[in-house]
Amino acid sequence: MLLLIAVLASGINGFLGSATDAMLRSIIDVRCYPKARSLNEGRDATITMVGGPIGGFLYSVAPWLPFLVSACMYAMVGVAATGIHEHGADGGHIRETDGDAAKGGFFHDFLEGWSWSLRRKTLVVVLIVAALVNFGVNGIQYAIQLHLVSCGTNATSIGFISGGISLMMLVGSLLAGKLSDKVPVGPTVCLAYLFICLCALPMTLTDNYWVMLVANSLVGLPFPLINAMLLGFIFAKSPTSMQGRITVTLTVPAQVLSMFCSAVAGTLLPVFGFHGAVLVFLAVLVASAVLVICSRSIRSIPKAAQWEHTMLR
């Protein structure tokens, strides 16, 4: 039953979760895209921030209560979605509708997205890096949670782990709104990946709850900036009709790799202990940072004001 609920929830998120990015690309000027995306990041981080502690509290009241509340939230989403209409901010229809997509079918679109993405070196590097950083960060999350469960930590405290990283993502989204269109993308993204590695480092040395909470929370700080700037550049420079297909090429490898995180963390913890498990995932994060820093195509991405004259190579 738990597996079925997880699959259904993931399916809903997979089918509809990226729709806002494609919609933004249709109605927002390319120079405003990083700031608009950072606002979306802040909204999502706010919801996630309160979701972890509340979920832990509800579970401590009754094991079935979080699922009931979640079902009610999905019902509210369904009602709210009926108010969405296919119009841009100026009242006109969304531009660049993909007439060919309906003719080609799912597999045609799927293959076209991969073909288009794999011909662009920057996108290939981002695809690999996204898979590695998702694996590393999610692996650390599972290692922390499994370690705290084994130590008998209460559910609410465990919920604060995800709440803390979401709080920092909210702060990061505010920073992204201020900086994303003012600083060059390439050097900023390189520094962001190095910052993630440095934040994870203390957890290889201690398993103190408060150190874990602070260090793990800080890991989430640069992600809104990375999404607004690096992914923002990719989506802003891609045709509107390719938005969904590019999302697939970016997220599927990351999700396929991340689906093994819990099993890997659960296997590493009894063998190497908490510090050893985090060290393994930190090595993956370091590999992603090295790839970003060594990629000239990423380092050379300028600030948003110059995107109109920059090609996605």
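Predicted model: local features only at pLDDT ≥ 70, side-chain atom pairs only at ≥ 80, totals over all residues.
Is Ser297 buried or exposed?

Ser297 has a relative accessible area of 8%. The cut-off for buried is under 20%, so Ser297 counts as buried. Ser297 belongs to helix H13, which runs over residues 296–299. Its side chain has two polar partners to mention. One is the side chain of Thr122, at 3.2 Å. The other is the side chain of Ser295, at 3.1 Å. Leaving out residues up to four places away in sequence, Ser297 touches Lys121, Thr122 and Arg313.

Ser295 sits in the loop between H12 and H13. Ser295 is buried, and its relative accessible area is 8%. So the 3.1 Å polar contact joins the side chain of Ser295, in its loop, to that of Ser297, under the buried cut-off of 20%.

Next, the whole chain. The protein has 13 helices and zero strands. Among contacts with a separation of 6 or more, 82% are between residues 24 or more positions apart. The protein exposes about 16200 Å², and carbon and sulfur atoms supply 72% of that area.

Which residues form the patch? They are Met1, Leu2, Leu4, Ile5, Leu8 and Phe67, with about 640 Å² of accessible area together. Helix H1, residues 2–16, gives the most to the patch, with four residues. Leu2 is found in helix H1. At a relative accessible area of 60%, Leu2 is exposed, because the cut-off for exposed is over 50%.

Val278 has its place in H12. Val278 is at 0% relative accessibility and therefore counts as buried. Beyond residues up to four places away in sequence, Val278 touches Ile140, Ala200, Met203 and Thr204. Val278 and Ala143 are 135 residues apart in sequence, and their C-alpha atoms are 7.0 Å apart in space.

Leu148 is in H6, and at 4% relative accessibility Leu148 counts as buried. Which residues does Leu148 touch, not counting those up to four places away in sequence? They are Thr153, Ile158, Ile161, Tyr209 and Met212. Leu148 and Asp207 are 59 residues apart along the chain, with 9.3 Å between their C-alpha atoms.

Two of those contacts, Tyr209 and Met212, are also buried residues of helix H9, residues 209–219. The buried residues of H9 are Tyr209, Met212, Leu213, Ala215, Asn216, Ser217 and Val219. What covers them includes helix H6 (121–150), H7, helix H8 (185–200), helix H10 (223–236) and helix H12 (261–294). At the start of H9, a side-chain oxygen of Asn208 reaches to within 3.0 Å of the backbone nitrogen of Trp210.

Helix H7, one of those covering elements, has an asparagine at its start as well. There, a side-chain oxygen of Asn154 reaches to within 2.9 Å of the backbone nitrogen of Ser157. How far apart are the end C-alpha atoms of H7? H7 covers residues 155–179, which is 25 residues, and at 1.5 Å a residue it should span 36 Å. The expected span uses one less than the number of residues.

Last, the segment after H13, where Lys303 is found. Is Lys303 buried, partly exposed or exposed? Lys303 is at 33% relative accessibility. That value lies between the 20% and 50% cut-offs, so Lys303 counts as partly exposed. Not counting residues up to four places away in sequence, Lys303 touches Lys182, Val183, Pro184 and Val185. Lys303 and Pro184 are 119 residues apart along the chain, and 4.0 Å separates their C-alpha atoms.

To return to the opening residue: Ser297 is buried at 8%, with side-chain polar contacts to Thr122 and to Ser295.

Note on methods:
Residues numbered from 1 in each chain as written. Heavy atoms only, no water. Helix = DSSP H or I, 4+ residues; strand = E, 2+ residues; numbered from the N terminus. Buried < 20%, exposed > 50% of the residue type's maximum accessible area, 1.4 Å probe, protein only. Polar contact = N/O pair within 3.5 Å; in protein donor to acceptor, adjacent residues only side chain to side chain. Contact = heavy atoms within 4.5 Å. Areas by Shrake-Rupley, 256 points an atom, 1.4 Å probe, with all protein chains shown as cover. Patch = residues over 30% accessible without salt bridge, like charges linked within 9 Å, V, L, I, M, F, W, Y side chains within 5 Å. Salt bridge = Lys/Arg side-chain N within 4 Å of Asp/Glu carboxyl O.
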